[in-house]
Amino acid sequence: MPPPTKAPRAWQRMLSGRRLDLLDPSPFDVEIADIAHGLARVARWNGQTAGDHAFSVAQHVVLVEEIALRLEPALPARDRLGVLLHDAPEYVIGDMISPFKAVMGGAYKEVEARLQTAIHLRFGLPARLPATLLKLTKTADTVSAYFEAIELAGFSEQEAGRIFGRPRGFPARLGLAAWPTAEAQIRFLERFRSLEALAASPAGAADA
């Protein structure tokens, strides 16, 4: 009789010492320091961007949150926090480019959704964000992708316009340049802390 097959390891050890189970992630194993550290080291566009540094997911989500606020100036701090964390699962699973996600199909999405739920619950957000906020986040994410494409990833404006749409109400360029890893980590963490504090303040609570 063959020996029983050992189940593959499905958890990752974080620098904080937490062990995050990808199959059943617990909010108690999610730490913002781990997220900041990981996202600052995950490259957008598979690293195919101009400059001395990779354009990190940490920088991308800060940019997306800024764009969302530009699109909705009255966006409450709690909702802005949700936007900032929209790609947070990538601190564990990395940033797969959209064409590869299409090839991977449902399994990837299931893992991503479980991680996103655990992250939301850890920081006092709904397990799933309201549809209106998800739509705003998607719009801001697409605007960010357009500018990243033409300023960093080698796309022409025509090609990026066909894929992402040409944003209205924005300048022709945002002047993007990738931050060094340490700066991306610090600036993401600073934005998170400021939004968390604002959301917990009386004004932020009133907005929510």
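Q: Which residues of α2 are buried?
A: In this predicted model, the buried residues of α2 are Val57, Ala58, Gln59, His60, Val61, Val62, Leu63, Val64, Glu65, Ile67 and Ala68.

Q: So how enclosed is α2, and why?
A: Helix α2 is largely enclosed by the rest of the structure, because 11 of its 15 residues are buried.

Q: What do those buried residues of α2 pack against?
A: They pack against α1 (32-39), α3 (77-84), α4 (90-93), α7 (131-151) and α9 (181-200).

Q: And the geometry: what span should α2 have, and how far apart are its end C-alpha atoms?
A: Helix α2 runs over residues 57-71, and at 1.5 Å a residue its 15 residues should span 21 Å, which agrees with the 21 Å that separates its end C-alpha atoms.

Q: Switching to Trp179, where is it?
A: Trp179 lies in the loop between α8 (157-164) and α9, and the separation between its C-alpha atom and that of Ser56 is 7.8 Å, although the two residues are 123 residues apart along the chain.

Q: Is Trp179 buried or exposed?
A: Trp179 counts as buried, because its relative accessibility is 14% and the cut-off for buried is under 20%.

Q: What does Trp179 touch, leaving out residues up to four places away in sequence?
A: Trp179 touches His53, Ala54, Gln59, Val62, Ala184 and Arg187; of these, Gln59 and Val62 are also listed among the buried residues of α2.

Q: New topic: in the largest nonpolar core, which residues touch the most other members?
A: That core has 55 residues, and those touching the most other members are Val30, Ile35, Leu85, Tyr91, Ile119, Phe123 and Phe188.

Q: Which helices each supply at least two residues of this core?
A: Helices α1, α2, α3, α4, α6 (106-122), α7 and α9 each supply at least two residues.

Q: Take Val30, then: what is it in contact with?
A: Leaving aside neighbours within four places in sequence, Val30 is in contact with Leu20, Ile35, Tyr91, Ala118, Ile119, Arg122 and Phe123.

Q: Last one, on backbone angles: what is phi for Trp45 and for Asn46?
A: Trp45 has a positive phi of about 60 degrees although it is not a glycine, and Asn46, likewise a residue other than glycine, has a positive phi near 55 degrees.

Technical notes:
Residues are numbered from 1 along each chain as its sequence is written. This is a predicted model: local features need pLDDT of at least 70, side-chain atom pairs count only at pLDDT 80 or more; totals for chains, interfaces and linings use all residues. Side-chain values use heavy atoms; hydrogens and water are left out. Helices (H or I, at least four residues) and strands (E, at least two) are DSSP runs, numbered from the N terminus. The expected span of a helix is 1.5 Å times one less than its number of residues. Buried means under 20% relative accessible area, exposed over 50%, partly exposed in between (1.4 Å probe, protein chains only). Contact means heavy atoms within 4.5 Å. A nonpolar core is a set of buried Ala, Val, Leu, Ile, Met, Phe, Trp, Tyr and Cys residues joined through side-chain atoms within 4.5 Å.
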